[in-house]
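Biologist: Can you walk me through this model? I'd like to start with the sheet.

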Amino acid sequence: MLLAELLETPSLRLRLLHAPEGSLERPVGRTITIDLLEPGRYLNGGELVLTGLVWRRGPEDSETFVSSIAEGGATCLLAGAALLGAVPDDLVEACRRHQVALGEVPGDVAFADVTEYVAAAGAAGESARMSASLARQRQLLSAIASGRSLDELAARVASEIGHACRVLTASGRHVVPGPGELDPDTVDALTRRFLTADLLPAVAEVGDRSYSLFPVGSGLADRVTGWTVAVEGDHTTWPREDLDMVHEFGAITALDRSRRDEGFRVRRPLAAMTLAHLEAGASPVEIATGLRQSGLDPDRPLVLAVAELGPGGPPDAVAAVLEDVALGLGPSMVASAARDGCAVAFLPARPDLTDQLRRSLTRLAPALVRGSLSVGLSGESGIDALAGALEEARFAHRVARSGGGAVALSSSEEVTSHVLLLATVPDDIRRTYAQRVLGPVLEHDQRTGSDLVPTLDRFLTYAGSWTRTAESLHLHVNSVRYRISRVEELTGRDLTTMEDRVDVFLALRSL
């Protein structure tokens, strides 16, 4: 109910004494009856204040009382005429100075009648608003059920409220693009405000424009994978009906997101199986089948990404992050249950891939106050060398993780080791080379369980140090010497020479 409607109620016979410009069109909030001289500390803003003027001992008290309720944000003051016979002029002048609307309550009208009328009108208005809200929700749900897209519903909401409407993810991906295209700096500002606001909805000021950010779903839990409805304009100035419509659209968007998320959950086991086949040394034909079933073209070059949310972030969460940014890059596949708590993404190769990923992922930094996101990228690879690309991405990830910072991304350009060399070698050639050099040792371990390969790996890691190798394996030095001599016998290599050590080391890394 508006203040003008209350003042025009015949049964209350209220008399308007002063009304600042626009005050009659303000909604009436809760009513409070008070006769303290300085009641401002009891107000939250928007109240209709009723007073019997008991506090007034002289004209100067009117200034004290009105300035107090003005600072408290009162909508209107209704003063009773019963005590003094009329509202004094000094009270009217004080309301004029402080821009507070003022009305007079006749002496024979009880304050309780005013309070009950406001409460009844508010209840009726709330009931009508809820009915209208339910009707709109049914219409939106019916539109979704009949095949309408989220883009069409956003356009409908924008037309109704007169403000452009979009849906963005925390990484800045446009689920619903809205009219026109936001420049990257504006997207940066919106995602930063979404991730750092204590409460939602929140207003983001970008240049000379305001954007209101509404939550999709809970809005507070795990914002790093959250969505927001971004509407141009400051929502604090909108009518209640427009706010209701945006909230209803947010609820419909949450339902649509749940449907999309379910599709990702269905695909993840297939992605995990394809990754497991790749790690187990499956043939390119088997890998191609998994890629094709996930919508990727196995004949096109791919880039592999390994990502981790630390410390101890769940693979499903980092997989959701990768899935989000990958949707803006083209057909992709993400495995959420990789080793070491990492997720692995198969991404389509494109010239701007590294820059696009870096910008999208960097937008998440404000939400990672107590954590970090590290990502390693391989170079472009055909299907016959994906195992090498995976090792390259994992090495790049280790580089990123050691670099520190909330978000760290390392690409293959930063990998300067044997990993880059091996990543360019087709997987079948790598496996053939490893088998030729270490085949007898692998067969011996499988037959006897003697752990020659792990001992060899540790021996080379510690640059041939017998003592450090023995300590790390909790063995006697003589046991280590015996095992390494057996490796030399089985391979025909002399591990005291650099050339043979390099050959055996590369064979180990090719397994």
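Modeller: A definition to begin with: two strands pair if DSSP finds at least two bridges between them. Helices (H or I, at least four residues) and strands (E, at least two) are DSSP runs, numbered from the N terminus. This is a predicted model, where local features need pLDDT of at least 70, side-chain atom pairs count only at pLDDT 80 or more, and totals for chains, interfaces and linings use all residues. Residues are numbered from 1 along each chain as its sequence is written, and side-chain values use heavy atoms, with hydrogens and water left out.

Biologist: OK. What is the strand order in the open sheet of 5 strands?

Modeller: The order is E7-E6-E10-E9-E8, with antiparallel pairing.

Biologist: Which strands stand at the edges?

Modeller: Strand E7 (174-176) and strand E8 (202-206) do. Each has a single partner strand, so one side of each has no neighbour in the sheet. Neighbouring strands here are turned by 35° against each other on average, direction ignored. For angles, axes are lines fitted to C-alpha atoms, for helices over the stretch in contact, and angles run from 0 to 180 degrees between N-to-C directions.

Biologist: How many bridges join E6 to E10?

Modeller: 5 bridges, between residues 165-169 and residues 227-232, running antiparallel. Val 167 has Val 229 in E10 as its bridge partner.

Biologist: Which strands does helix H7 touch?

Modeller: H7 (residues 240-279) packs on the sheet and touches E6, E7, E9 and E10. Its direction makes about 145° with that of E10. Contact means heavy atoms within 4.5 Å.

Biologist: And H6, what does that lie across?

Modeller: Helix H6 (residues 184-196) lies across E6, E7, E8, E9 (209-215) and E10. H6 runs at about 155° to E8.

Biologist: Switching to charges. How many salt bridges are there?

Modeller: The count comes to 25 salt bridges. A salt bridge is a side-chain nitrogen of Lys or Arg within 4 Å of a carboxyl oxygen of Asp or Glu.

Biologist: Is Arg 166 buried or exposed?

Modeller: Arg 166 is buried, with a relative accessible area of 2%. The cut-offs: buried is under 20% relative accessible area, exposed over 50%, partly exposed in between (1.4 Å probe, protein chains only).

Biologist: What about Glu 104, which residue is its salt-bridge partner?

Modeller: Arg 15, with the closest N and O atoms 3.3 Å apart. Glu 104 is in strand E5 and Arg 15 in strand E1, 89 residues apart. Glu 104 is buried at 10% relative accessible area. Arg 15 is partly exposed at 45%.

Biologist: Where do Glu 489 and Arg 486 lie?

Modeller: Both are in helix H16 (residues 477-491), 3 residues apart, about one turn of the helix. Glu 489 is exposed, at 55% relative accessible area.

Biologist: Which residues are linked in a network of salt bridges?

Modeller: Asp 185, Asp 188, Arg 359 and Arg 363.

Biologist: New topic: Ser 68. Where is it found?

Modeller: Ser 68 is in helix H2 (residues 59-72). Ser 68 is buried, at 9% relative accessible area. Leaving aside neighbours within four places in sequence, Ser 68 is in contact with Glu 38, Pro 39 and Gly 40.

Biologist: And Gln 99, what is its phi?

Modeller: Phi of Gln 99 is near 55°, a positive value in a residue other than glycine. Gln 99 lies in the loop between H3 and strand E5 (101-105). Gln 99 counts as exposed, at 52% relative accessibility.

Biologist: Last one, the whole chain. How many helices and strands?

Modeller: The protein chain has 17 helices and 15 strands. Of its 511 residues, 49% count as buried.
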